[in-house]
Amino acid sequence: MPTYQLQRGTYDAYDDDALNLDKLQEILKATVSLYGFNPIITPIYEQTELFTRSVGESSDIVNKEMFSFVDKGGRNISLRPELTAGVMRAIVTNKLYATRDLPLKYYYCGPAFRYERPQQGRYRQFTQFGVERVGVTSPLDDAETIIMGYSSLLMIGFPRVTLKINTLGDEKTRDNYRAALKEYFAPHIASMCEDCKRRFETNPLRILDCKDPQDREIIAKAPSMSEYLSDEEKAYFKVITDALERFDIPYELDTTLVRGLDYYSHVVFEYHYTSDDGTNLGAIGAGGHYDNLVSEVGGPMLSSVGFALGLERLNSLLKEIKQEEYEKPFLDCFLIYQGEECQTVAFDLAMMLRFNGFKCDLLYQNKNYGAQLKVATRKMTSFAIFVGEDEVKNHRFNIKNLETQEQEAVAYDDLVAYLDEHLEVHHHD
RNA sequence: GCGAAUGUGGUGAAGUGGUUAACACAUCUGGCUGUGAACCAGACACUCGUGGGUUCGAUUCCCAUCGUUCGCCCCA
């Protein structure tokens, strides 16, 4: 027999991991639905060009991290490295911008693929949750989206989240700034690190992100974005930061924050989690405003704002910091029996209880009472119901409360009522 | 793509160039064929990620490969 290995950068989630991932999605969906966001589901692969056009030719994501292939019909296909591009395409394909009220408010949740070096909480197939608000007309659209993301992260259990935020201005402002940066860095670039040399050619804004201490000295004297922002752009940004202040959201203006995707303009932001000892554990979510993504894929000019979160990364961080666990699965009752005749009765009884809405389980393995009871305990069961010969004969079943050890006999016809009454307490706490 | 560490049963983990690979937990069986515990007895790795090489002999040494983890790059 060949043995099949888990593919690099993929994972199997089960038990707590699967439960937590599931729960995470549930909470995120519930939170954004408070703001009127609805789900949108798009394919996990698209034609490659959609991503090169929208995500940007200069980004590493497109350059070296895409899972691309040619299908049997000769089409160039890529697994999506992020979900925004597909959502934009869907909006244009289905002309949603013309037939629905603006702004469109969609959330998405699903797998994305990037061929990169796996690390903890970071996989080649990972799950992104995110939102897109398309057709924004006010900085309040941006502010509301940013606050919604912040609040979502608190809802899933992060004790504190800080926001890094910056404004890039519109496309023209950014082009001017980019030109100014190139001019400034040109005489220095020979002495800077290899990455910066590359970035100088592909995307000079990203040089501002460099962590090399020597480069940082040069960067510190570089022209600042704010010198190139118009009054309107500054005013737009101020509406957003004012809103953050009204809600006491801790934010930090970071003028070196530029993000890796080419399509952002105006406001960009990252959510960071800082541990008790003050070390920044990195971005746990990020997003920004973009003006020409819809038009880039064939629709009208529509300003938009969105953010994305990586569920695996959230999950692995939460595992270390969260004191309270999400509710564990449990069973209302477990049927315990011995012998073939009793098995049939137990089977039928289990079905009856399930039809009445009780979580119920039993084994078909010929185990003795002790072993069955042990399994029931392990599965976090509230009541064990004994289905023995006496019970079958008398139509009365011994029900044992596995927590209190109390046991009493209940007639078949009274079982549902009995469980309803005794589980009520359990279900409401 | 670059640098480093690591890989022994279901789990945690010890160990050695050479007859049966510790120990603990979990699991299973029996003592106890209608009640979860405890106790007692017993079972449980044709094999030490995979493939080569060195050797009379390798889980142990060497090489390659794959996976995992950490740092860089990038990013969710």
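Which residue in strand 15 does Ala384 stand opposite? Ala384 stands opposite Lys400. This is a predicted model, in which local features need pLDDT of at least 70, side-chain atom pairs count only at pLDDT 80 or more, and totals for chains, interfaces and linings use all residues. Residues are numbered from 1 along each chain as its sequence is written, while chains are lettered from A and ligands numbered from 1 in the order in which they are written. Helices (H or I, at least four residues) and strands (E, at least two) are DSSP runs, numbered from the N terminus. Two strands count as paired if DSSP finds at least two bridges between them.

**Domains**

- Chain A is divided into domain 1 (15-169 + 229-321) and domain 2 (331-424), with bounds that come from an automatic or database domain assignment.
- The centres of domain 1 and domain 2, taken over C-alpha atoms, are separated by 48 Å.

**Strands 14, 15 and 16**

- Strand 14 (residues 381-387) pairs with strand 15 (residues 396-401) in the antiparallel sense, over four bridges.
- Strand 15 also runs antiparallel to strand 16 (residues 407-411), and five bridges join them.
- Lys400, which stands opposite Ala384, also stands opposite Gln407 in strand 16.
- Strands 15 and 16 form a hairpin with five residues between them.
- Gln405, in the turn of this hairpin, has a positive phi of about 70°.

**The 2-4-3 sheet**

- Three strands, in the order 2-4-3, form an open sheet with antiparallel pairing.
- Strand 2 (45-47) and strand 3 (68-70) are the edge strands, each pairing on one side only.
- From one strand to the next, the twist averages 35°.
- Three bridges link strand 2 to strand 4 (residues 76-79) in the antiparallel sense, and Glu46 stands opposite Ser78 in strand 4.

**Helix 6 against helix 10**

- Helix 6 (residues 139-155) packs with helix 10 (residues 231-246) at an angle of about 35°, their axes 9 Å apart.
- Axes are lines fitted to C-alpha atoms, for helices over the stretch in contact, and angles run from 0 to 180 degrees between N-to-C directions.
- The crossing of helix 6 and helix 10 is right-handed (the near helix is turned clockwise from the far one by less than a right angle).
- Pro139, Leu140, Asp142, Ala143, Ile146 and Ile147 in helix 6 are in contact with Tyr236, Val239, Ile240, Ala243 and Leu244 in helix 10 (C-beta atoms, placed from the backbone, within 7 Å).
- The residues of this contact comprise 10 nonpolar, no polar and one charged (Ala, Val, Leu, Ile, Met, Phe, Trp, Tyr, Cys and Pro count as nonpolar, Asp, Glu, Lys and Arg as charged, and the others, Gly among them, as polar).

Definitions and conventions: Two residues are in contact if their C-beta atoms, placed from the backbone, lie within 7 Å.
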